[in-house]
Amino acid sequence: MKDLLYYQDAMLREFDATIARTGTETDGRQYVVLSNTAFYPTGGGQPHDTGTLNNVEVVDVEKIDDEIRHYITCEASALTGVVHGKLNWQRRFDHMQQHAGQHILTAAFVELFDAQTVSFHLGSEQVTIDIAVDVLTDEQLVAAEAKANEIILENRPIETKWITEKELVDYNLRKEVAVTGDIRLVIIPDYDYNGCGGTHPSSTGQVNAIKILGTEKMKGNVRVTFVCGRRVLTELAMRKVVLADVARQLSVPEVDAANALTKLLVTQKGTEKALIAAREELLAFEAKALAASNAHIITAAFRHRTVQELQKLARFIVTERSEVIALLASENEAKLQFVAARGAQVEKNMKDIAAHVLPLINGKGGGSEQMVQGGGECLIATEQLLTAMQEAII
């Protein structure tokens, strides 16, 4: 392991190697095994490298048993002899920044709050660590971020060292290592000592910056989401665009956008409450108009009325006149919906009405003896549905 090119020189961007073996996975993926490689395989929370071998694209790299397989986009037999490998350096260096940043931020939580990291995930846009605590306050997050950026600005060296299990006692490791045999340490002197098989830059300054984006509860721990290096600039640019757009729409300076948005939401909530109250009054007025009929079966056909509105209308009507039955139907987006309700003085079971008309519209419904509702396909007109509901009563 220690002789692999990505361990000998993590900053190596190009290399030459000999094809040692080719193969095909059961899923058809073609791969090559090299005499040595600078391509890092997926492992330890860090994604694999990509790049090219003799201009053939390398799309995945995995360590299977004792060999590193480079999955390519052409027939593996097309690559023979000595090949030239070239890493997608922007991707690799980004991973190195994020991984080193994780070490630095994790060590900050340990040093300041004795809060250990129990898992780490390096995503394509953000990085997460799960901290073994019930809660992290805003003050703790600010302090940990500040400590991490302080270590970055000091531009401390990031060293790697191979040791044996017996030599572990000589180092104050942040956590116990899970591997045996040769053990690789990643060391930031006088700050962090950690067993790690990932790639990292040669100094903390190359991480550039760390920014915590947020937290969430995750299986009894606190998940901290953050970004490092170039990703900080990407996040800043995205948030700048969003903030500028919000400020423009609110016609306020960006610094006042949050307060303006809060005022707008308060106003909107008040408007929504007033609108709901107005709709209730309108429904009550409409129900009274329908109830003014001398008929004992009150029917009405609508378009684009919700079942909830139909139910409210029906309740208003049978409350206003306890001796009537209200039959209401509406066509909504190629669907027929209906409500049938009875007043307190009526003995008719409304479920009988639903049972009679639901097959006519290939529908479904439910309710009680006092009120039922249902809906289905527009297989008949709204007026025909109301007629069928009246027939069920007769």
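In this predicted model, strand β1 (residues 14–24) pairs with strand β6 (residues 82–87) in the antiparallel sense, over five bridges. Phe15 stands opposite Gly85 of β6. Strand β1 also pairs with strand β2 (residues 30–34), again in the antiparallel sense and over five bridges. Here Arg21 has Val33 of β2 as its bridge partner. β1 and β2 form a hairpin, with five residues between them. Gly28 sits in the turn and has a positive phi of about 95°.

The nonpolar cores come next. The largest holds 30 residues. Ile104, Leu105, Phe109, Ile129, Ile210, Val224 and Phe226 touch the most other members. At least two residues of this core come from each of α2 (89–113), β7 (117–122), β8 (127–131), α3 (138–153), β10 (183–188), β12 (210–218) and β13 (221–228). The largest share, six residues, is supplied by α2.

Another core lies apart from the largest one and has 25 residues. Leu5, Tyr40, Val83 and Trp89 are among them.

Asp49 is found in the loop between β2 and β3 (51–53). Its relative accessible area is 1%, which is under 20%, so Asp49 counts as buried. Two polar partners were identified for its side chain. A polar atom of the Asp49 side chain lies 2.7 Å from the backbone nitrogen of Tyr40. The side chain of Asp49 also makes a polar contact with the side chain of Arg92, at 2.8 Å. Leaving aside neighbours within four places in sequence, the residues in contact with Asp49 are Ala38, Phe39, Tyr40, Val61, Leu87, Arg91 and Arg92.

Two loop residues have a positive phi without being glycine. Asn55 has a phi of about 70°. Asn55 lies in the loop between β3 and β4 (56–64). Asn55 is exposed because its relative accessibility of 74% is over 50%. Asp190 has a positive phi of about 60° and is not a glycine. Asp190 belongs to the loop between β10 and β11 (192–195). With a relative accessible area of 71%, Asp190 is exposed as well.

How values were computed
Residues are numbered from 1 along each chain as its sequence is written. This is a predicted model: local features need pLDDT of at least 70, side-chain atom pairs count only at pLDDT 80 or more; totals for chains, interfaces and linings use all residues. Side-chain values use heavy atoms; hydrogens and water are left out. Two strands pair if DSSP finds at least two bridges between them. Helices (H or I, at least four residues) and strands (E, at least two) are DSSP runs, numbered from the N terminus. A nonpolar core is a set of buried Ala, Val, Leu, Ile, Met, Phe, Trp, Tyr and Cys residues joined through side-chain atoms within 4.5 Å. Buried means under 20% relative accessible area, exposed over 50%, partly exposed in between (1.4 Å probe, protein chains only). A polar contact is a pair of N or O atoms within 3.5 Å; within protein, one must be able to donate a hydrogen and the other to accept it, and residues adjacent in sequence count only if both atoms are side-chain atoms. Contact means heavy atoms within 4.5 Å.
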